[in-house]
Amino acid sequence: EFLVLRAGKMVSKDQIASAVSGWDADVNPNVVEVYISRLRYKLEPAGVKIHSIRGFGYYLDKPSSPAN
């Protein structure tokens, strides 16, 4: 949901970790990588792409609007 709401924008691992963790929990950035990998595998058949930008974070392609 965090990535979808920010489709078309760069999102860092730290931003994702902060968004999905509680106030009292620390999320290791490696955990974010694992879940992004799982999301890619599940979303790939639907044509949804999550790109990794090394040193910056992740980028979810903004869906194109259907033609009228």
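**Salt bridge and sheet**

Mentor: This is a predicted model. The salt bridge count comes to one.

Trainee: Which side chains meet in that salt bridge?

Mentor: The side chains of Lys-13 and Glu-33 do, at 2.2 Å from N to O. The pair links distant parts of the chain, with Lys-13 in helix 2 and Glu-33 in helix 3 (residues 29–43), 20 residues apart.

Trainee: Is Lys-13 buried or partly exposed? And what about Glu-33?

Mentor: Lys-13 has a relative accessible area of 25%, so it counts as partly exposed. Glu-33 is partly exposed because its relative accessible area is 35%.

Trainee: Changing topic, in what order do the strands form the sheet?

Mentor: Three strands form an open sheet in the order 1-3-2, with antiparallel pairing. Strand 1 and strand 2 are the edge strands, each pairing on one side only.

Trainee: How many bridges are there between strand 2 and strand 3?

Mentor: Strand 2 and strand 3 (residues 57–60) pair over four bridges, in the antiparallel sense. Ile-53 lies in strand 2 and stands opposite Gly-57 in strand 3.

Trainee: Which residues form the nonpolar patch on the surface?

Mentor: Met-10, Ile-53 and Phe-56 form it, and together they have about 290 Å² of accessible area. Ile-53 counts as partly exposed because its relative accessibility is 32%.

Trainee: Finally, what pLDDT does the chain average?

Mentor: The chain averages 84, and 88% of the residues score at least 70.

Notes:
Residues are numbered from 1 along each chain as its sequence is written. This is a predicted model: local features need pLDDT of at least 70, side-chain atom pairs count only at pLDDT 80 or more; totals for chains, interfaces and linings use all residues. Side-chain values use heavy atoms; hydrogens and water are left out. Patches are made of residues with over 30% relative accessible area and no salt bridge: like charges are joined within 9 Å, nonpolar side chains (Val, Leu, Ile, Met, Phe, Trp, Tyr) within 5 Å. Accessible areas come from the Shrake-Rupley method with a 1.4 Å probe; for residues, only the protein chains shown count as cover. A salt bridge is a side-chain nitrogen of Lys or Arg within 4 Å of a carboxyl oxygen of Asp or Glu. Helices (H or I, at least four residues) and strands (E, at least two) are DSSP runs, numbered from the N terminus. Buried means under 20% relative accessible area, exposed over 50%, partly exposed in between (1.4 Å probe, protein chains only). pLDDT is the predictor's confidence in each residue, from 0 to 100. Two strands pair if DSSP finds at least two bridges between them.
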